[in-house]
Amino acid sequence: MPVPVPDRARALSALQGASRQFTDQLRDVRDPSRPAIGHWSIGEVGAHVGHIFGMYPELVSGNASPLENHLDMALAWERMLQEDTERDPIAIAKRIEAAAGVLLTTVEKAEWDQPVKWHGALSVP
């Protein structure tokens, strides 16, 4: 069964709104070392979101994911957090905003009904 293609304008508007809300919340953080999700701090969650936003334009453009095995995603995320030690919420918010802008521009130009390469060389709509 094919996955339905979402309405482009609604999806882009939702992405823009959600990323703005997230970065606004990051800017209000006073202690990025506080726990957030699992064993990750608020700063680590923010950095992770920045990594994801930075990765998606490449995927949408048809490039392969840097994650060769989708079953090892947790290990890859941990490695990325170890390599990128930025935890300042304002710096991370700026990074996410820049990446979100690139993602929105890339997605606007993309053919929405064509599959893209995903993690582990999977193809998804």
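Predicted model: local features only at pLDDT ≥ 70, side-chain atom pairs only at ≥ 80, totals over all residues.
User: How far apart are the end C-alpha atoms of helix 2, and what span should its 19 residues give?
Analyst: The ends are 27 Å apart. At 1.5 Å a residue the helix should span 27 Å, so the two figures agree.

User: What does helix 2 do with helix 1? How close do the axes come, and at what angle do they cross?
Analyst: Helix 1 is residues 8-27 and helix 2 is residues 42-60; their axes come within 11 Å and cross at roughly 150 degrees. Angles over 145 degrees count as roughly antiparallel, and therefore that is the label for helix 1 and helix 2.

User: Is the crossing of helix 1 and helix 2 left-handed or right-handed?
Analyst: Left-handed. From helix 1, the contact uses Leu 15, Ser 19, Phe 22 and Leu 26. Helix 2 brings Ile 42, Val 45, Gly 46, Val 49 and Phe 53.

User: How many of the residues in that contact of helix 1 with helix 2 are nonpolar, polar or charged?
Analyst: 7 are nonpolar and 2 are polar, with no charged residues.

User: Why would contact residues on a helix sit three or four places apart?
Analyst: An α-helix has 3.6 residues a turn, so residues at that spacing point the same way.

User: Next, helix 2 and helix 3. At what angle do they pack?
Analyst: About 105 degrees, with the axes 10 Å apart; helix 3 is residues 73-83. The range from 65 to 115 degrees counts as roughly perpendicular, so helix 2 and helix 3 are roughly perpendicular to each other.

User: Which residues make that contact?
Analyst: On helix 2 they are Glu 44, Ala 47, His 48, His 51, Ile 52 and Met 55. On helix 3 they are Trp 77, Met 80 and Leu 81. By class, the contact of helix 2 with helix 3 has 6 nonpolar, 2 polar and 1 charged.

User: And helix 1 with helix 4, what are the angle and the axis distance?
Analyst: About 175 degrees and 9 Å, helix 4 being residues 89-109. That makes helix 1 roughly antiparallel to helix 4. Their contact has 13 nonpolar, 3 polar and 6 charged residues.

User: Zooming out, in what order do the elements of the chain run?
Analyst: From the N terminus, α-β-β-α-α-α-β-β. That comes to 4 helices and 4 strands.

Technical notes
Residues numbered from 1 in each chain as written. Heavy atoms only, no water. Axes fitted to C-alpha atoms, helices over the stretch in contact; angles between N-to-C directions. Helix = DSSP H or I, 4+ residues; strand = E, 2+ residues; numbered from the N terminus. Parallel < 35°, antiparallel > 145°, perpendicular 65-115°, else oblique. Left-handed = near helix turned anticlockwise from the far one by under 90°. Contact = heavy atoms within 4.5 Å. Nonpolar A, V, L, I, M, F, W, Y, C, P; charged D, E, K, R; others polar. Expected span 1.5 Å × (residues − 1).
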